[in-house]
Structure formats: C-alpha cells, structure tokens
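Please examine the sequence and the three-dimensional structure shown here. The paragraphs that follow lead through its strands, helices and selected side chains.

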Amino acid sequence: MPAHAVSRSTAESTLISQFEGRRELARSHERAAAFRRFADRGLPTRRVESWHYTDLRAAMADAAPLAPAPDRAQIESAARELGRRKKLGAARLVLLNGRFVDQLSDGLPAGAAVVRRGGKTLAVDDPMVALAEAMSLDGCAVEVSGGAELDGPVEFLHLVSGEGPLSVYSRMEIIVGAGARASFIETFAGSGASVQRHALTTLTLAEGATLKHAAIVDSQAELHLESQVIEIGAGAELKAFALVSGGTLSRRQLFVRMVGEKAKAALGGLALLDGERRADTTLQLVHSAPGGTSREFYRAIVDDEAAGTFQGKVIVANGAQKTDGAMKSQAVLLSPRAQMNAKPELEIFADDVVCGHGATVGSLDPEQIFYLRTRGVRKDEAEAMLLEAFGGEAIERIGDDALAGVLHEAFRAWLASRGKGPMEARR
C-alpha cells in the first residue's frame, strides 16, 4: 500500500527549507527536535481549539525570508534610532533582528546580569512555540540574583532592520532568584508592514520572588506572534500586562504554571484595534499547588472592521486546594462592523476552591456621552475620556507607577491617532 503523502502549505514548505538551509540551526540536536515537533503538526488551523479564532495556516500565505544577523551599517543605524527614542527604564537591552547586540545595550543595575546561552527545551504543547525554539539564534537571559532589588525597570527593546519581507525570531529569558524583586518592559517596535515576528519569552520566578512585566506591541508587522512561558514558585508573585496597538495580525499566547504553594499571578492586557486589524490573546494558567491566587483582567477597544479575541483557560489540578481564581474579559465596540470573540474557561479537579469567570461586550453608554456634551465637551472628546477611563482601569492593575506611566502614554498616543486612518476617511 503506498505511503500517504503529507500535504504541506506553501508557508510550511518554505519553513522546512529555511531550517534545513541554515547549518547553525540544523546541526543542533535540540533545535532539530523542536523543529520536528513543529513539522509533525504544521501551522495551526481553526480545527485546533486554542487556535479556533486565528487560522494561521490560512492567514500565512508564505514565510518571509529569514532576517540575517545585523551588520555594522545596521547596528550604526539602530544606534541613531536609539538616540531618538525615549529610554523607558533604568537600563535598555536591545535585540536587533532577534539577536542581542551588546554594543547597543546598557549595563544592568547591580544584582542583574546578562547571560548568553541556548534555552532549555520547553514543556509546552504548541507548534509555534516549538518553531520559535528551533529558529531563534543568539538568545539571551537576564538573571536577577536571589535577594536583589533592581533600581527601576529594565527595558528589552526589539528592533528590526532590513528592506523587504523578513522573518524575525527571538528568544529571551528572565530568571528572578529567590526573594528578589524586579520589573521589566518589553517593547516591540520598528517593524515594517511586511515583517513576520516570532518572539518567545520565558519568565521564571523562584521562591518568594516578585516580578512585574509589561509588554508594548506598537509596530506595524504583518504578523506578530508572541509566546510567553511562565513558571511561578512558592510564595512568588507575578504581575504582567500587555498593551497591543499595532500589527496586522497579532497573537499573544501565555502558558503559565503555578508550581509552588501560595503563588500569585495577576495577568492583564489592553488591545486597541482599528482598521481591519486582528488581535488574539490566548492564555492557559495551571494551578498545580495549593493556596494559589490568580487574576486575569483583559480589556479591548475595537473600532472599524477590526476583530479581537480573548481565550482564557484556568486549570486547577487535583490537589491544588484553596485555589482562588477569577478571570474577566471586557470589550467596547465602537463600530457596528467591529467584532469581539470571548471564551473564558475553567477546568477544576479540586473540591476546595473559589473560582469564577465572566465576559462582557458592549458599546459606549450614550447617556454618559450626553452628560458630557451637556457640559460643553465635544463628542469626540467625550468618547476619548470614556475610553481612557475604560482602558486606564486595566493599566492601573500593574501596580507600578513607572510601568503604568509608560503604558498610559502609549494608550493616549493611540487615542490621539483615532480618526486619522483610511477607515475614517471612507466614512
């Protein structure tokens, strides 16, 4: 009986050629194993439940050429760009075309150090995580020593340099030692409209550690695919937030395991969508130890013909008693053509827990707009005030003045830009 031939899409065939054509990728046993995990499943389609609202196989017509290592001219150009950009933290680390560039980066404050090394194999069942493991080069890690307390946030700035379509893969890791305290900002910027970005970040919190992490996605990439793999130890606390305001198709996926007793996680985000953009936030959080507390609070503002997606699943494992979990998704639609998909889920295998979830989708309250207009406020200003209050409440949950200030600034810039795009011109 003849063997059944595997049907590959154009993008999948290109990815196979790219991996096999780069010796520094194919000769690594770990990368080869990761690529096999991807190739066995291929690009996810809507038949995969966690990808139901983002059919990547259909959306990705082909894989763009791999971005080369930055040369001297590109590094010098990036240095000039950095001179024009406001530094968002006490120190800034730069990844150019997915590769850490030491000469563009600052020294870290006492208690933290950059370690350049290959990442460990991740126990995550997702083909795009496997693809990022296989394709990313020159990854780096930041280690925060046990008991250290960093003075101010550290920014990871992801830049892209090069003409035409490019695929950019990056991998970074943040390890916070026992009892340490740190905050980080991860900014994705400078991507052209034909860039496909694949970013993989791992966050590891040891016992009693505290980490605050903010991500800002404001580039114009054709595809922004970002995966976070997170492990939280006993008594450790993570507060993470993402502001998504750029990219034609973006997907942020989080895989969180709370492996120690009394671990805490507060995850949040704000998606700002207009035009015909698509943004997907999908998370899976597993309580595997007793006494854990988790909060997920995500909001979206969707205009024009854009579409947002939030999928959240909280799993309480057998034996994870005294778990306290709550998840909420809320969206405001500003156009009759705007869409929002919300799918919160709970899977509970323990019997002594307090867990709940909810989702709402609606429009701005016309009575609130009328109230403001009767006091001399223009309609567009009234809408902006209500939207800023709606999004600002989500941002404040990060619990860090420095990070919240950066996020508010980016949010206000998006509000100021509303009505200046091609969709508005067609109205």
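Leucine 166 stands opposite valine 195 in E8. The strand that contributes leucine 166 is E6 (166–176), and 11 bridges join E6 to E8, which run parallel; two strands count as paired if DSSP finds at least two bridges between them. Helices (H or I, at least four residues) and strands (E, at least two) are DSSP runs, numbered from the N terminus. This is a predicted model, in which local features need pLDDT of at least 70, side-chain atom pairs count only at pLDDT 80 or more, and totals for chains, interfaces and linings use all residues. Residues are numbered from 1 along each chain as its sequence is written, and side-chain values use heavy atoms, with hydrogens and water left out.

E8 also pairs with E10: 10 bridges join these two parallel strands, and leucine 203 stands opposite isoleucine 230 in E10. Of the 11 residues of E8, 10 are buried, so the strand is mostly covered, where buried means under 20% relative accessible area, exposed over 50%, and partly exposed in between (1.4 Å probe, protein chains only).

These strands belong to an open sheet of nine, in the order E3-E4-E6-E8-E10-E12-E14-E16-E18, with mixed pairing. Its edges are strand E3 (112–116) and strand E18 (339–348), each of which pairs on one side only. From one strand to the next, the twist averages 10°. Helix H6 (residues 127–135) packs on this sheet and touches E6, E8, E10 (223–232) and E12 (249–258); contact means heavy atoms within 4.5 Å. The direction of H6 makes about 95° with that of E8, the axes being lines fitted to C-alpha atoms, for helices over the stretch in contact, and angles running from 0 to 180 degrees between N-to-C directions. Strand E16 (residues 307–316) is joined to E18 by 10 bridges, and the two run parallel. Within that pairing, glycine 312 has proline 344 of E18 as its bridge partner.

Strand E14 (residues 278–287) contains threonine 282. With 9% relative accessibility, threonine 282 counts as buried. Its side chain makes a polar contact with the side chain of arginine 251 at 3.3 Å; such a contact is a pair of N or O atoms within 3.5 Å, and within protein one must be able to donate a hydrogen and the other to accept it, while residues adjacent in sequence count only if both atoms are side-chain atoms. Not counting residues up to four places away in sequence, threonine 282 touches Ser50, Arg251, Arg252, Gln253, Leu254 and Gln311.

Attention now turns to another strand. Six of the six residues of strand E5 (residues 154–159) are buried, so E5 is largely enclosed by the rest of the structure. Val154, Phe156 and His158 point one way from E5, whereas Glu155, Leu157 and Leu159 point the other way. Strand E1 (residues 91–96) pairs with E5 in the parallel sense over six bridges, and alanine 91 stands opposite valine 154. Five bridges join E5 to strand E7 (residues 181–188), again in parallel, with phenylalanine 156 opposite glutamate 186.

Helix H8 (residues 379–396) has 18 residues that should span 26 Å at 1.5 Å a residue, and its end C-alpha atoms are 26 Å apart, which agrees; the expected span is 1.5 Å times one less than the number of residues. Among the buried residues of H8 are Ala382, Leu386, Phe390 and Ile395. The elements covering the buried residues of H8 include strand E11 (237–244), helix H7 (366–373) and helix H9 (401–417).
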